[in-house]
Structures are given as structure tokens and as C-alpha cells.
Amino acid sequence: MPLTSDEITHIAKLARLHITDVEVEQYKQQLGSILEYVQKLQEVNTDDVAELQHALDVTNVFREDVEVTCDPEVRRRAIENFSSRSGDLLEVQAVFEGRTE
Amino acid sequence: MSHPSSETLVRECLKQIEDQNVSLNAVLSVSSTALEEAQQIDVARARGDELGPLAGLPILVKDNILVQGWSNMASSQVLEGHHSAYDATVISRLKAAGAILLGRTNMDQFGMGSSTESSHFGPTKNPWDITRIPGGSSGGSAAAVAAGFAPIALGSDTGGSIRQPSSMCGVVGLKPTYGRVSRYGLISLASSLDQIGPMAHSVEEVMRVMQVIEGKDPKDGTSVALAETSVPELMNPSLKGLTLGIPKEYFLEGMDAEIKRLVMEAVEELERAGAKVKEISMPHVEYALATYYVLMPCEASSNLGRFDGLRYGYHSSGTNLWDTYERSRGEGFGPEVKRRIMLGAYALSAGYYDAYYRKALKVRTLIKKDFDDALKQVDAIVTPTSPSVAWKLGEKFGDPITMYLSDIYTITANLATVPAMSIPCGFSQGLPVGLQIMGRPFDEETLYRIGMAYQAKTDWHKREPV
């Protein structure tokens, strides 16, 4: 049950991944065979079965609403990881410029 | 006999790394301050200062656990140039306990793999046979402990990534109960499945490290406060009063006969120590792999959204912001990572969400119920860790399904959130085989007890690769 080239291109776009034509061909087969394998789940009767939404049986983990400042050393190191910066700000290309969709 | 100095211990580890890492490729970088830290511990010890419970002990760290200032990359090009801004909670706890963080270990990119072959830094080799894989994804940590690069290493386990390489390299590895160890500072793969855990030669060492790293952390809302472990009680070599379950679904026709024989011999050893054995059934286990290969890629595709090429790591400039995202991610992520992101994006996309993701969450409930029911009848469940011994490098690479099948015995514990440990139980074709013991949530104590009783009677964990 291989996927089509259009499906692969669409998923890559959703996942913000640039992929080559060669990769499109590989993923058609590989994703298709994995999806075929996981079809096995359809055999299981899950009527009236709840989804396991949380690995632990805990809800609403609260903390005091107090301000905690960032360790200046952690802050300095985080900023140094930016690909491009203007002072201490992360500099990026325009978000809406030239977008057609 | 006097305690060997920490400096001696660290020097021995560094020597092993220097001599053997060229062929094994288990360690990616060594801390430049380790020796100095060891000397300081020795001075403090001589002075009579009060020291932490792991003072002077060298520990290696999987490349997806952040250590401030280290160039952690989860062994993926997409984090090239990244320097960790802060310590993971397990790391700050190890530092406070006096441990010496020795270096980073190799892994499958982002933990996606069962052989350590998908690392950007090339594969790690198995110390028992360097033409074979060490298992994965914590293959660097497992190989390093087996080769004497450090007595202890940290790994992470999402579907077997601590236990399967521990099994294949002949060491002990524990995947704790979900919530027992803070995930803060672990580069996420699948947040409802991930846990950090220790790998070492003995169950006792694993337990000692757990006592330092476990417990509630305000920075991880899913971490849980624990009662203190009573160590003397666990040292009891008798297993009287314990019942072990052997699930028939894990011992199917066609399984590796030698692995079955070694695991059943280990079960007999546990019986001789006083444990009772009972056959049990877990009917939904056969759907675990399919469940996992829906949930894990879904969670991963969401978690890996943070790698945008802007805030850290690999950056490839495009004509606009969208193009920059696509290029940075397309060039930075390896093939298996892209495959899983694509799979997750597909399963979560409009029209498929119910059929894949929602369905898998329901089957996960049934698998967890199988474990809950079984662990009402028995105190622990015993199985092989891996369906095979370490295979040849390249043998399964490029064939995703065959590779995924090697995790068939381990992924259930992650889905059911229960603790699971692999301990060496013999050799097949000269290669290590692991016994997996799974327990009730937050009952690692029973696993330690069984493991320590077994290791008191056997010496598989003392064998060393030549």
C-alpha cells in the first residue's frame, strides 16, 4: 500500500522538511509498508475502551505563582546558541513577507 | 584494602577510552575537567570532608542528556554547534552526589534506532565482536560500560533503548517506571514513554545511582515523589514469597532456541532461590509494536518541531523563513528521523487521526490492562530482553520493519509505564544474552531484589570481552 508522491510531498510540507526526489520515492515505499504493518491495530475491538491520554494518573500539578528569574549563566549560554541575533534578541527572517498561502 | 583513589579510577577509564575507543566509537567526547575534579574529591576525602554518595565515581552520559557547556547533539547533525545551556536534573543531582561526569556517549540520532548505526558520528561497535552492533539507541553507553570505559553510564529508554543494548553488551540496564526519574534536560523523543536510567555491571550499582537521580522534580510535572528504598532488606538472597510470571505470548514457536534455553535456566536459578513460577497470558502484547509505531512517531513529530534551525544547532539559510525551516530540518535530520517525523505527521493529519493515533491510544489502554491484571497474580514478569543476540553491522540497516521487530519484547514496558530491567544471563554464539524482569509501577525494589539474588548466584555480569 505505497503512498503517492503527492501525499509524501504534502506530509513533508506539513512537517517542514525539505526532501529530495529520491527521498520521495523511498518514503512512498517505506511509509507505506510501516502503515500496512500498523493496520494490524484495526483487528482489535476497542469499543468502549478509553484512550490512554496520560502515562501517569495525575492531574493539575500546581506550583506557587512566584517569579523565578533565569540564572544569568543559563541565559547567556542560551542566547549564544542563536543562529543570528540582534543584541540579546533572536533575529529571524520576516514571518509574513512573500507568503502566498 | 584502601579505597582506590578517584584519580586512579578516572585515569584507568581514560586509558581504556584512549586505547579502545578508536575501534569501538562508543564515546564522543571526554570531559577536560574530569581528572581535576577527581583530584579535588581525593583531596576532600583525605581531609575528612563529608562526601556525596557517588563521590569520585566516573559516569558517562548519553548524548541526549544535557550537561551545561557540553556540545550535546543527540548524535544528530541538526544540533551541530549546540552547547547545552543548563544541566538536566539527573546531571545536577549526580554532580551534587560527587560523581565525575566523564563524557558523552554515542547513540542513534534522537534515540531513533536499535543499533546505534543512525548516529551522525558513525556506528558504535560491540566490544564482544567489533563486526557487530552494540544494540541501541543507548549503544554507546552499553558498549562503554562493557569495555570498562566507566563503571556506570546513563541511557534513555523509549522502547527498549537502555535494555536492548544492555542485553547485547552484557551489562545491567534499568528503564525506571514512568515518572520515577525527571525528564528535565533530556532531549525528548516521545514524552509519554521516555525515561532516563542507569547502566552498569551490577544491579547494586544501578540501584545506588537510581537513589541519587530519582524522585520528584518541580521542573518535570510528571515526576513523582517516592518513599525511601530499604537497602538491607533487598540484600536478602532468598526470593521466598515472590511469584514470577512467564507470559506465554513472549515464548512463541520459532523463537531463538538458545535464548529461550538461557532465559529458562535463569528462571530455574530464581526458583532455586525460592521464587515461584507461574505461566500467565497477556493477549494484547502482540499489538504492542504496532501501537508503539503509531504513538512514538506522533509524539516525536511534535517534539522535534522545536528544531527550527534558528534557536540552536544547524542552520541553513533559505530564501524566506519557511524555506529556512525546511532546509535546516531537511539537511540536519538523518533519514530515520525524517522517516519517523513524516510518519507521525501523516498519522496526526486531518482524516487519519482517529484511525491511527486515537486507535493506538485505546490499544495502549488494553496493553496496560494486561500488565495490571498480570501483576495482580504475580510480583514480576520474566522474559528475554531481545529476540536475538547482536547482529552484524549493516545487516538490518535500511529495512525499518525488521529493525523495529528487534524491540518486540521491550516496548511493552514503556507502553504500560512499568519498570523493566535487563541483566546478563549467559552467552549464545559467544555473545551476551539478557533476561528482562518487569514489575509493578514504582516497585523497582522487587526488580533489584530479584536481580541481586540472581547476580549473587551467577557470574555472567563479571565476564569481560577480550
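Predicted model: local features only at pLDDT ≥ 70, side-chain atom pairs only at ≥ 80, totals over all residues.

Chain A has a radius of gyration of 23 Å, whereas a compact globule of 101 residues would have one near 13 Å. The radius is taken over C-alpha atoms, and the globule rule is 2.2 Å times the number of residues to the power 0.38.

Chains are lettered from A in the order in which they are written, and residues are numbered from 1 along each chain.

**Secondary structure**
- Chain A has three helices and two strands (DSSP runs: helices H or I of at least four residues, strands E of at least two).
- Along the sequence of chain A the order is α-α-α-β-β.
- Chain B has 15 helices and 11 strands.

**Burial and contacts**
- In chain A, 27% of the 101 residues are buried (under 20% relative accessible area, 1.4 Å probe, protein chains only).
- In chain B, 65% of the 466 residues are buried.
- Among contacts with a separation of 6 or more, residues 24 or more positions apart make up 35% in chain A (contact: heavy atoms within 4.5 Å).
- The corresponding share in chain B is 76%.

**Extent**
- The C-alpha atoms of chain A fill a box of roughly 55 × 45 × 25 Å along the principal axes.
- For chain B the box is roughly 70 × 60 × 45 Å.

Definitions and conventions:
Heavy atoms only, no water. Buried < 20%, exposed > 50% of the residue type's maximum accessible area, 1.4 Å probe, protein only.
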